[in-house]
Amino acid sequence: MANILSRERQISVLNHLVEGNTLRSTSRLTGVHRTTIQNLLISFGSRCAELMDREMRGLTLRHVEIDEIWTFVAKKQARLTTDERAESYSSGDIYIWYGIDQDTKLAPSFLVGKRSGDNARRLMMDLASRLVFPNQHASDAHAFAQGGYKPVVQISTDGFAPYPEAVDLAFGPHAKFGTIVKDYRNATMPYTPSEIVGTKRRAVYGMEGQESTICTSHVERANLTMRTLLKRFTRLSLGFSKKLENLEAACAMYFAFYNYVWRSRHTDDSGKSGKLRPTPAMMAGLTDRLWSFRDLFDAAGGR
């Protein structure tokens with residue numbers, strides 16, 4: 001007979017994972033074998049991905065910041081053999097591509113894969129499919145007025161070369177787009193804090209005179225939250241992913257938890273954290289109440 005975990009034990013195991021514990025530490029804390037935990041993670045992660053794909057539709061977002069956060073699967077890129085680099089897409093350096101809305105802090109879209117132009121296009125196409133676009137009649141010029149297009153969102157990215165083409169492919173004239181490149185100094189050793197000495201903002205589409213609004217600071221701060229809540233993203237540790245499937249499931253679970261359960265804090269004028277904000281899903285109008293992890297488990301079809 002199969003050994004099926006009770007609902008409460010499943011919730012306990014998954015909650016440990018999303019609060020920064022590894023598979024092995026979760027196994028020690030809950031008494032559940034790590035293989036069982038891994039299988040539960042993959043199953044729940046796929047259901048979280050289905051939940052977000054279903055619910056993250058018809059969104060109205062003002063300013064989405066895009067970034068990629070680095071991790072690796074199995075081993076780092078420098079340790080891959082020549083054959084592995086040529087044939088394998090599921091090991092070595094892997095990036096999690098995602099966007100954060102500047103107002104609601106919602107993460108409407110994410111993608112796990114290599115840092116390539118194809119994945120930049122895939123992310124932008126997925127993001128565009130989740131936003132509300134004007135219908136053709138509403139975007140037409142009326143009464144002999146000069147034709148034009150109303151942007152539905154502003155997008156800010158770093159200077160990665162494929163982004164302009166990807167944004168143009170996904171949004172056409174319906175997005176304002178700009179890039180920001182930050183210059184650092186005094187980075188003498190890996191992982192040591194470096195000093196930012198300047199930024200270069202460039203208006204690409206529809207941003208002339210609005211360069212000061214181009215920003216990726218919020219999504220870069222969200223990278224810290226991800227590295228804190230997912231042990232496999234913690235640098236200089238043994239908590240890395242051994243399979244791409246495990247990483248994809250962990251990311252899907254994290255973004256569902258972040259959007260529906262996690263609450264960030266307001267920052268006051270002095271720069272200190274203040275009161276808790278509503279969840280991103282509440283801010284974006286996807287739900288009208290605070291969710292617990294149990295609510296997320298039930299909404300994703302847990303049993």
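In the predicted model, F255 is buried, with a relative accessible area of 1%. Its position is in helix α9, which spans residues 244–260. A search of the whole structure returned 16 aromatic pairs. One of these joins F255 to F110 in a stacked arrangement, with the ring centres 4.8 Å apart and an angle of 25° between the planes. The pair counts as stacked because planes under 30 degrees apart fall in that class. F110 belongs to strand β3 (residues 110–113), and the pair links distant parts of the chain, its two members being 145 residues apart. In contrast to the buried F255, F110 is partly exposed, at a relative accessible area of 24%.

Aromatic residues also form a cluster, in which F44, F257, W262, F293 and F297 are linked through ring pairs. The charged end of R115 sits over the ring of Y95 at 5.9 Å from the ring centre. R115 also lies over the face of F160, where the distance to the ring centre is 4.1 Å.

W262, a member of the cluster, is also among the residues touched by T279. T279 is placed in the loop between β8 (273–276) and α10 (280–283). The relative accessibility of T279 is 0%, so the residue counts as buried. When residues up to four places away in sequence are not counted, T279 touches N259, Y260, V261, W262, R263 and L290. Of these, N259 and Y260 fall within the residue range of helix α9 (244–260).

R34 is located in helix α3, which covers residues 34–55. With a relative accessible area of 39%, R34 is partly exposed. Leaving aside neighbours within four places in sequence, R34 is in contact with L23, R24 and S27. Between R34 and K176 the sequence separation is 142 residues, and the C-alpha to C-alpha distance is 46 Å.

The search of the whole structure found 0 disulfides. A disulfide would require the sulfur atoms to lie within 2.5 Å. C251 is likewise in no disulfide, its nearest cysteine sulfur being that of C48 at 12 Å. C48 is buried, with a relative accessible area of 0%, and C251 also counts as buried, at 0% relative accessibility.

Key:
Residues numbered from 1 in each chain as written. Predicted model: local features only at pLDDT ≥ 70, side-chain atom pairs only at ≥ 80, totals over all residues. Heavy atoms only, no water. Phe/Tyr/Trp six-rings, centres within 6.5 Å; stacked < 30°, edge-to-face > 60°. Helix = DSSP H or I, 4+ residues; strand = E, 2+ residues; numbered from the N terminus. Buried < 20%, exposed > 50% of the residue type's maximum accessible area, 1.4 Å probe, protein only. Lys NZ or Arg CZ within 6 Å of the ring centre and 35° of its normal. Contact = heavy atoms within 4.5 Å.
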